[in-house]
Amino acid sequence: MKKTFDQYTAQYSADLTRLCISLCCDLHEAEDLFQDTWLRALKGFDTYNEEYPFDKWLFSICVNTFKNKVRLFYNRKKIDFATDEEKQAFFNSIPDTANEAPDAYYELHSAIMHLPKKLRAVIVLYYFRESSVSETAEILNIPEGTVKSRLHSARQQIKRRLERE
């Protein structure tokens, strides 16, 4: 039985929210990305093939939308919290960390946010969305070897940044 768009929306909204927050530098951008992704998914829903997992299709739309926005705003600023309250609100908005100490994640999150966009996307999909190398490659439309190379580069950059702080 074919699912309706509303059923998919109900099932995948929380996962998409986490992906958007992980990819973006702030909550407002994540909200925009979330809405843009669902809008594009709705427009292309009649082309969706049910033999393909819906979440992979949706996450591909999300990552491509994110990459398009990055191209438009290439020199935007990195994550920056004006106050401790803003930092607290941001980390509390991430469902998986709402009950944990946000300071434990701030340095790591900051290091990830300072990665180049192509490395950040691979880290977010692989570690935070728990996609396999092949799933990450499929979502980003790049070879698996490129995913592995970017993961290695990203880990090295994160390690260097954390050692400096």
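1. The protein contains 8 helices and 0 strands, and from the N terminus its elements run α-α-α-α-α-α-α-α. Helices (H or I, at least four residues) and strands (E, at least two) are DSSP runs, numbered from the N terminus. Of the 165 residues, 42% are buried; buried means under 20% relative accessible area, exposed over 50%, and partly exposed in between, with a 1.4 Å probe and protein chains only.

2. This is a predicted model, in which local features need pLDDT of at least 70 and side-chain atom pairs count only at pLDDT 80 or more, while totals for chains, interfaces and linings use all residues. Residues are numbered from 1 along each chain as its sequence is written, and side-chain values use heavy atoms, with hydrogens and water left out.

3. The structure holds 14 aromatic pairs. Rings of Phe, Tyr and Trp (its six-membered ring) pair if their centres lie within 6.5 Å; planes under 30 degrees apart count as stacked, over 60 as edge-to-face and the rest as tilted. Tyr 8 and Tyr 12 form a stacked pair, with 6.4 Å centre to centre and 25 degrees between the planes. Both tyrosines belong to helix H1 (residues 5-23), where they are 4 residues apart, about one turn of the helix. Tyr 8 counts as buried because its relative accessibility is 5%, and Tyr 12 does so at 13%.

4. A tilted pair is formed by Tyr 48 and Trp 57, at 5.1 Å centre to centre and 45 degrees between the planes. Tyr 48 and Trp 57 are both buried.

5. How many disulfides does the model have? The count is 0, a disulfide being a pair of cysteine sulfur atoms within 2.5 Å. The cysteine sulfur closest to that of Cys 20 belongs to Cys 62 and lies 3.7 Å away, which is too far for a bond. Cys 20 is buried, at 1% relative accessibility. Cys 24 is likewise in no disulfide, the nearest cysteine sulfur being that of Cys 20, 6.1 Å away. With a relative accessible area of 3%, Cys 24 is buried.

6. The axes of helix H6 (residues 117-128) and H7 come within 9 Å and cross at roughly 135 degrees. Axes are lines fitted to C-alpha atoms, for helices over the stretch in contact, and angles run from 0 to 180 degrees between N-to-C directions.

7. Which residues of helix H7 (residues 133-140) are buried? They are Val 133, Thr 136, Ala 137, Ile 139 and Leu 140. These residues lie on the same side of H7 because they cover an arc of only 165 degrees around the axis, the arc being that of the directions from the helix axis to the C-beta atoms.

8. Asn 141 follows H7 and lies in the loop between H7 and helix H8 (144-164). Although Asn 141 is not a glycine, its phi is positive, at about 60 degrees. Most residues other than glycine have a negative phi. At 70% relative accessibility, Asn 141 counts as exposed.
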